[in-house]
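Here are my notes on this model, point by point. Please read them with the structure open.

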Amino acid sequence: MSYPAKELVAHYRLMVTIREFEEALDELFSKGLIGGTSHFCRGQEACAVGAVAALEASDLVTSNHRGHGHFIAKGAELGRLMAELMGKREGYSGGRGGSQHMAAFDIGFLGSNGITGGMIPVATGAALTQKLQKTGRVVLCFFGDGACGQGAFHEGVNMGAVWELPIVYFLENNLYAMSTHVVENFKVTELAQFASSYGMTGVSVDGNDYFAVREAAAEAVAQARSGAGPTLIEARTYRMCGHSKSDQCEYRSDEEEASWAARDPLSVMKGRLIADGIMDEANAAAVEQQAAGDVAEAIEFARQAAEPDPDTVTDDLFADL
Ligand SMILES: Cc1ncc(C[n+]2csc(CCOP(=O)(O)OP(=O)(O)O)c2C)c(N)n1
Ligand SMILES: [Mg+2]
């Protein structure tokens, strides 16, 4: 499958933007400008950008705790995303949700969620809505290997398969759920095998290769939209960072980390675009500079943004105080 050159360069820029955004975030944490914790998707950018590339703009995405990349790929405004992380009023959740609790229904981003596997039933319900209301929209549901150990995964995908819902279950198998290796969590070696238990299509792809991800996602999206039901895509990837801010990765070997760093999805994409004559080193450097500029602008926007009004502290609460 060939794609327009302009689009591929734009998607490379998006992948670099995700990387730059989280690198900037790391620095803001160290300066104390952002508190709490956060889960970075460094190394998994091809999953987010490649899979979302297979969607129409009106399609829907659900995310998990490692969601900055998914949200940026779906069209998040970087400034509002950064403002959310800084707890500002202009943030996507008014500064109340932070990294793991952001949504933007207007661009079809139904939300990130800190509960492992928690969005799988939500995404399945959203897909049921699309089917009943005949909207023609597809739901793309991102989650990790750890989520496959949750009942919510098995109940959700079974329901999606039985009702032939317009949904793509996108599993980012980055080999670890916190410090637990995937072989300690599951007897099956290819997590895409779970699909056969539920009578649905299952495929395993190189999650560090934008093109492999996009092709698998495009097929799955077409199947879902045609009414032929869901696909479970297992994208094999690696988080090139700790699980969260406090993780020093002592459970992984230097050799393992180095072997995945050699297959960094940004380098893979850049190498492919240069080999195909779509970009040269100078174009790549310009794109990288643009991405860094976008992130710097977002930080400035967020720093200038207003703090939430203390009088609104009880707004949007369901419980009466
Ligand atoms: C129901 C639930 N159990 C445990 C946790 C603690 N927890 C947070 S992230 C995580 C691991 C998730 O692993 P995976 O799904 O593979 O995603 P990854 O972090 O690798 O992207 C766990 C166990 C949680 N957030 N929710
Ligand atoms: Mg994982």
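1. Definitions for the helices come before the findings. A residue is buried if 20 or more other C-beta atoms lie within 10 Å of its own, exposed if 12 or fewer, and partly exposed in between, with C-beta atoms placed from the backbone. Helices (H or I, at least four residues) and strands (E, at least two) are DSSP runs, numbered from the N terminus.

2. This is a predicted model: local features need pLDDT of at least 70, side-chain atom pairs count only at pLDDT 80 or more, and totals for chains, interfaces and linings use all residues. Residues are numbered from 1 along each chain as its sequence is written, while chains are lettered from A and ligands numbered from 1 in the order in which they are written.

3. Start with helix α4 (residues 78-85). Of its 8 residues, 7 are buried, so the rest of the structure largely encloses α4. Those buried are Leu78, Gly79, Leu81, Met82, Ala83, Glu84 and Leu85. They pack against α1 (5-30), α3 (68-73) and α12 (281-304); a contact here means C-beta atoms, placed from the backbone, within 7 Å. Just after α4 comes Gly87, with a positive phi of about 75°.

4. Helix α2 (residues 45-52) is also a covered element. Here 8 of the 8 residues are buried, so α2 is largely enclosed by the rest of the structure. Glu45 is on the buried list, as are Ala46, Cys47, Ala48, Val49, Gly50, Ala51 and Val52.

5. Now the sheet. It is open, has 6 strands in the order β2-β1-β3-β4-β8-β7, and its pairing is parallel. Two strands pair if DSSP finds at least two bridges between them. The edges are β2 (109-111) and β7 (201-206); each has a single partner strand, so one side of each lacks a neighbour in the sheet. On average, neighbouring strands are turned by 20° against each other, direction ignored. Axes for this are lines fitted to C-alpha atoms, for helices over the stretch in contact, and angles run from 0 to 180 degrees between N-to-C directions.

6. Next, the strand pairs. β3 (residues 139-144) and β4 (residues 167-173) share 6 parallel bridges, and Gly144 has Glu172 in β4 as its bridge partner. β4 is joined to β8 by 6 bridges, again parallel. Phe170 is bridged to Ile233 in β8.

7. β8 (residues 231-236) also runs parallel to β7, with 6 bridges between them. Ile233 of β8 is the bridge partner of Val203. From β7 the chain passes through helix α9 (residues 210-226) to β8, a right-handed β-α-β crossover. Right-handed means that, with the strands pointing away from the viewer, the path from the first strand over the helix to the second runs clockwise. Both faces of β8 are covered: Thr231, Ile233 and Ala235 are buried on one side, Leu232, Glu234 and Arg236 on the other.

8. Is Met119 buried or exposed? Met119 has 26 C-beta neighbours inside 10 Å and therefore counts as buried. Met119 lies in helix α5 (residues 119-132). Leaving out residues up to four places away in sequence, Met119 touches Thr62, Ser63, Asn64, Gly111, Asn113, Cys141 and Phe143.

9. Last, the ligand. Around ligand 1 there are 14 residues, of which Thr116, Gly144, Asp145, Gly146 and Ala177 come nearest. The criterion is a C-beta atom, placed from the backbone, within 6 Å of the molecule.

Methods
Two residues are in contact if their C-beta atoms, placed from the backbone, lie within 7 Å.
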